[in-house]
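Here is a short note for a colleague who is opening this entry for the first time. Please keep the structure in view while reading the points.

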Amino acid sequence: MDITILICAIALILAAMLVIWQAKALARCDLICKSCGTKQNLPWKRLVFRTHVGNDWQLYCSVCGRKTWFAARKRGQ
């Protein structure tokens with residue numbers, strides 16, 4: 001019983017680390033709104049637990065005022 005709890009705790013910690021790592025990697029990208037075309041850079045704390053499909057992320061656009069899909073591209077591309 002104790003080993004099962006330990007394994008589950010380790011798995012949860014690793015999953016949390018993976019989510020944070022992914023958000024930090026995305027924060028180094030430009031996010032381009034598919035509705036209005038504006039480019040935004042968001043801090044990683046605003047990108048944790050957001051809906052995404054591949055390199056498309058569903059976020060709120062502060063320029064056009066809609067919750068829409070953004071394309072993530074490496075900076076400089």
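1. Start with a salt bridge. Asp30 pairs with Lys39, and their closest N and O atoms are 3.9 Å apart. That falls within the 4 Å cut-off for a salt bridge. Please note that this is a predicted model.

2. Are the two partners buried or exposed? Asp30 is buried, because its relative accessibility of 7% is under the 20% limit. Lys39 is exposed, because its relative accessible area of 56% is over 50%.

3. Stay with Asp30 for its surroundings. The residue is found in strand β1. Leaving aside residues up to four places away in sequence, Asp30 touches Lys39, Gln40, Asn41, Ala71, Ala72, Arg73, Lys74, Arg75 and Gly76.

4. How many salt bridges are there by this rule? The count comes to two. The side chains of Asp56 and Lys34 also meet in a salt bridge, at 2.9 Å from N to O. This pair links distant parts of the chain: Asp56 sits in strand β4, and Lys34 in the loop between β1 and β2, 22 residues apart. Asp56 counts as partly exposed, with 25% relative accessibility. Lys34 also counts as partly exposed, with 49%.

5. Now the strands. Strand β1 covers residues 29-33, and strand β5 covers residues 67-74. Five bridges join β1 to β5, and the two run antiparallel. Look at Leu31 to see the pairing: its bridge partner in β5 is Ala72. Ala72 is also among the residues that Asp30 touches.

6. Strand β5 pairs with β4 as well. Five bridges join β4 (residues 56-60) to β5, again in an antiparallel arrangement. Here Gln58 stands opposite Trp69 in β5.

7. Six residues lie between strands β4 and β5. In this hairpin, Gly65 takes a positive phi near 75°.

8. Which helix holds Trp21? Trp21 lies in helix α1, which covers residues 2-27. Its side of the story is exposure: Trp21 counts as exposed, because its relative accessibility of 56% is over 50%. The C-alpha atoms of Trp21 and Arg66 are separated by 27 Å, and the two residues are 45 residues apart along the chain.

9. Next, the cysteines. How many disulfides does a search of the whole structure find? The search finds zero. Take Cys36: the closest cysteine sulfur, in Cys33, is 3.7 Å from its own sulfur. Cys36 is partly exposed, with a relative accessible area of 35%. Cys8 counts as partly exposed too, at 44% relative accessibility.

10. Finally, confidence. The chain averages a pLDDT of 87, and 99% of the residues score at least 70. Among the elements of the chain, α1 has the highest mean pLDDT, 91. Strand β3 (residues 52-53) has the lowest, 82.

How values were computed: Residues are numbered from 1 along each chain as its sequence is written. This is a predicted model: local features need pLDDT of at least 70, side-chain atom pairs count only at pLDDT 80 or more; totals for chains, interfaces and linings use all residues. Side-chain values use heavy atoms; hydrogens and water are left out. Two strands pair if DSSP finds at least two bridges between them. Helices (H or I, at least four residues) and strands (E, at least two) are DSSP runs, numbered from the N terminus. Buried means under 20% relative accessible area, exposed over 50%, partly exposed in between (1.4 Å probe, protein chains only). pLDDT is the predictor's confidence in each residue, from 0 to 100. Contact means heavy atoms within 4.5 Å. A disulfide is a pair of cysteine sulfur atoms within 2.5 Å.
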